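Subject: Structure for you to look at

Hello,

Here is the structure I promised to pass on. Please open it alongside this message.

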Amino acid sequence: VSAFRAAEPLGKLGKWPGVRGRLIAGRLAYQLGRAGWGTTLHQLAFREYPNEPSAIYYGALAARSRRGPLRAWLEFRHVDLPSTRTDEQQADWLAYKGSLLASLRDFDRAQEFLSQSLALYPRSAWNHLVQADLCRHRDQRDEAIVNCRKALELHASYRPAIQTLAELLLEANRDEEAYALLKNALASTESPLLIAQTSTASAQRFTNWPQDARSSRPPRRMMF
């Protein structure tokens with residue numbers, strides 16, 4: 001919220017210029033709970049700057065959000081980032097492809113992409129979070145928690161990792177721990193998504209919900 005107010009002199013989010021402006025505006029829209037608008041801005045960035053590594057990456061994320069992992073995989077499986085990419089961007093791209101395969105339950109190939117990603121850029125919180133998601137798809141909750149904590153060691157306020165770890169703790173009936181994690185995060189992070197998830201975690205502490213309700217997903221998280 002503070003970031004949005006500080007950026008008000010720049011005008012409406014949809015008018016921010018350049019590839020960097022488009023991508024930052026899209027990310028800010030996500031943080032404000034306007035996922036659809038954020039996705040649209042990232043698709044526009046990809047359309048306007050198709051040879052820019054960061055625009056390709058966020059365009060691919062938008063494609064997954066709009067059309068699902070199978071359509072995104074078919075569209076981007078043979079796409080490589082241009083030679084202007086950095087090691088971090090290439091690692092993110094490998095992790096993205098691994099995340100699609102994990103969602104499609106092709107776990108072995110997903111792990112191949114993720115192993116390459118982590119070897120190329122091991123200090124990426126996002127890459128460890130994708131590894132956590134793969135573990136989660138494999139019903140390896142303890143390993144998923146470990147990878148979320150690794151992501152938070154690298155980036156203590158990384159909202160997607162906080163949300164994923166809280167989900168995992170709630171699924172493990174560790175309600176107090178999940179609630180404390182979210183409350184601590186809110187002390188330094190302004191996010192409508194975190195506020196909503198904290199409210200859900202607070203309710204679960206005092207409600208004897210059945211297992212299918214306890215494991216339902218909180219407000220949608222995005223990996224950035």
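Below are my notes, from the whole chain down to single residues.

**Overall**

This is a predicted model. Its average pLDDT is 85, and 84% of the residues score at least 70. One stretch needs care. Over residues 209–220, pLDDT stays under 50. The model has 22 contacts beyond four places in sequence for that stretch. Where pLDDT is low, the predicted coordinates should not be read in detail.

The chain has 224 residues, and 47% of them count as buried. There are twelve helices and zero strands. The accessible surface comes to about 11300 Å², with 51% of that belonging to carbon and sulfur atoms. Take the contacts between residues at least 6 apart in sequence: 55% of them join residues at least 24 apart.

**Salt bridges**

A search of the whole structure finds eight salt bridges. Start with Arg 136, Glu 167 and Glu 171, which are linked in a network. Arg 136 bridges to Glu 167, with the closest N and O atoms 2.6 Å apart. That pair links distant parts of the chain: Arg 136 is in helix H7 and Glu 167 in helix H9, 31 residues apart. The side chains of Arg 136 and Glu 171 also meet, at 2.5 Å from N to O.

Arg 136 has 11%, so it counts as buried. Glu 167 is buried at 5%, and Glu 171 is buried at 16%.

Another bridge joins Asp 108 and Arg 138, at 3.5 Å from N to O. This pair too links distant parts of the chain, 30 residues apart. Asp 108 sits in helix H6, and Arg 138 sits in the loop between helix H7 (125–137) and helix H8 (141–154). Asp 108 counts as exposed at 59% relative accessibility. Arg 138 is partly exposed at 27%.

**Helix H9**

How many of its residues are buried? The count is 13 of 13, so the helix is mostly covered. Its length also checks out. At 1.5 Å a residue, the 13 residues should span 18 Å, and the end C-alpha atoms are 18 Å apart.

After H9 comes Asn 173, with a positive phi near 65°. Asn 173 lies in the loop between helix H9 (159–171) and helix H10 (175–186).

**Other loops and the surface**

Arg 105 also has a positive phi, about 65°, although it is not a glycine. Look for Arg 105 in the loop between helix H5 (87–103) and helix H6 (107–120). Arg 105 counts as exposed, at 52% relative accessibility.

Lys 15 is in the loop between helix H1 (2–6) and helix H2 (18–31). Lys 15 counts as exposed at 64%. Its C-alpha is 8.9 Å from that of Ala 25, ten residues away in sequence.

Finally, there is a nonpolar patch on the surface. Leu 70, Leu 74 and Leu 104 form it, with about 250 Å² of accessible area together. Leu 70 lies in helix H4 (residues 53–76). Leu 70 is partly exposed, with a relative accessible area of 48%.

Best wishes

Methods:
Residues are numbered from 1 along each chain as its sequence is written. This is a predicted model: local features need pLDDT of at least 70, side-chain atom pairs count only at pLDDT 80 or more; totals for chains, interfaces and linings use all residues. Side-chain values use heavy atoms; hydrogens and water are left out. Patches are made of residues with over 30% relative accessible area and no salt bridge: like charges are joined within 9 Å, nonpolar side chains (Val, Leu, Ile, Met, Phe, Trp, Tyr) within 5 Å. Accessible areas come from the Shrake-Rupley method with a 1.4 Å probe; for residues, only the protein chains shown count as cover. A salt bridge is a side-chain nitrogen of Lys or Arg within 4 Å of a carboxyl oxygen of Asp or Glu. Helices (H or I, at least four residues) and strands (E, at least two) are DSSP runs, numbered from the N terminus. Buried means under 20% relative accessible area, exposed over 50%, partly exposed in between (1.4 Å probe, protein chains only). pLDDT is the predictor's confidence in each residue, from 0 to 100. Contact means heavy atoms within 4.5 Å. The expected span of a helix is 1.5 Å times one less than its number of residues.
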